[in-house]
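Please read them with the structure open.

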Amino acid sequence: MMNNLDEFQKLGKDNMDLAMQTAGNMSKGFQAIAAEVADYQKKSFEEGTAAIEKIVAAKSLDKAFEAQTEYFKTFYEGMVGEMTKIGEMYTDLAKDVYKPYEGMLGKMAK
């Protein structure tokens with residue numbers, strides 16, 4: 001009887017440890033993603049401000065359209081690259097969150 005109680009307590013402790021590890025991994029992952037998004041927003045704002053200044057300072061309509069086209073091209077390429085990077089960060093986060101459970105699920109499968 002005592003042996004079963006000890007096993008039950010150990011199982012509860014192990015599950016709590018897994019939950020805490022998962023919460024820690026999620027917290028770190030979301031913080032990294034939030035920092036990346038904040039950095040991208042700052043960079044994007046600065047680039048947009050510079051582009052508007054360049055468009056307003058253009059001496060002709062052709063130069064203004066040229067500056068606008070250049071900005072939209074770099075903005076699109078930057079955004080696609082950033083979204084790809086953030087998508088990879090979410091994938092890595094999912095893998096990190098799942099890792100603690102791999103061992104437990106492997107034991108249950110046996």
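1. Secondary structure first. The protein has two helices and zero strands. Helices (H or I, at least four residues) and strands (E, at least two) are DSSP runs, numbered from the N terminus. The radius of gyration is 25 Å, well over the 13 Å that the globule rule gives for 110 residues, so the protein is more spread out than a compact globule. That radius is taken over C-alpha atoms, and the rule is 2.2 Å times the number of residues to the power 0.38.

2. A word on the source. This is a predicted model, in which local features need pLDDT of at least 70, side-chain atom pairs count only at pLDDT 80 or more, and totals for chains, interfaces and linings use all residues. Residues are numbered from 1 along each chain as its sequence is written, and side-chain values use heavy atoms, with hydrogens and water left out.

3. Overall dimensions. Along the principal axes, the C-alpha atoms fill a box of roughly 90 × 25 × 10 Å. The accessible surface is about 8800 Å², and carbon and sulfur atoms hold 63% of it. Areas come from the Shrake-Rupley method with a 1.4 Å probe; for residues, only the protein chains shown count as cover.

4. Of the 110 residues, 15% count as buried. Buried means under 20% relative accessible area, exposed over 50%, and partly exposed in between (1.4 Å probe, protein chains only). Among contacts with a separation of 6 or more, 79% join residues 24 or more positions apart. A contact means heavy atoms within 4.5 Å.

5. Charges. The protein carries 14 positive and 18 negative charges, and their mean positions are 3 Å apart. Lys and Arg count as positive, Asp and Glu as negative; His and the chain ends are not counted. Each charge is placed at NZ of Lys, CZ of Arg, CG of Asp or CD of Glu.

6. Is Glu36 buried or exposed? Glu36 is buried, at 15% relative accessible area. Glu36 belongs to helix H1, residues 2-57. Not counting residues up to four places away in sequence, Glu36 touches Glu82, Lys85, Ile86 and Met89.

7. Thr22 also deserves a look. Thr22 sits in helix H1 and is buried, at 9% relative accessibility. Leaving aside neighbours within four places in sequence, Thr22 contacts Val97, Pro100 and Tyr101.

8. Aromatic pairs. The count is three. Rings of Phe, Tyr and Trp (its six-membered ring) pair if their centres lie within 6.5 Å; planes under 30 degrees apart count as stacked, over 60 as edge-to-face and the rest as tilted. Phe30 and Tyr90 have ring centres 6.4 Å apart and planes at 65°, so this pair is edge-to-face. Phe30 is partly exposed, at 40% relative accessible area. Tyr90 is partly exposed as well, at 42%. One aromatic cluster is formed by Tyr71, Phe72 and Phe75.

9. Gly48 lies in helix H1 and is buried, with 12% relative accessibility. Gly48 and Ser60 are 12 residues apart along the chain, and their C-alpha atoms are separated by 20 Å. Ala50 is in helix H1 and counts as partly exposed, at 42% relative accessibility. Ala50 and Thr69 are 19 residues apart in sequence and 14 Å apart in space, C-alpha to C-alpha.
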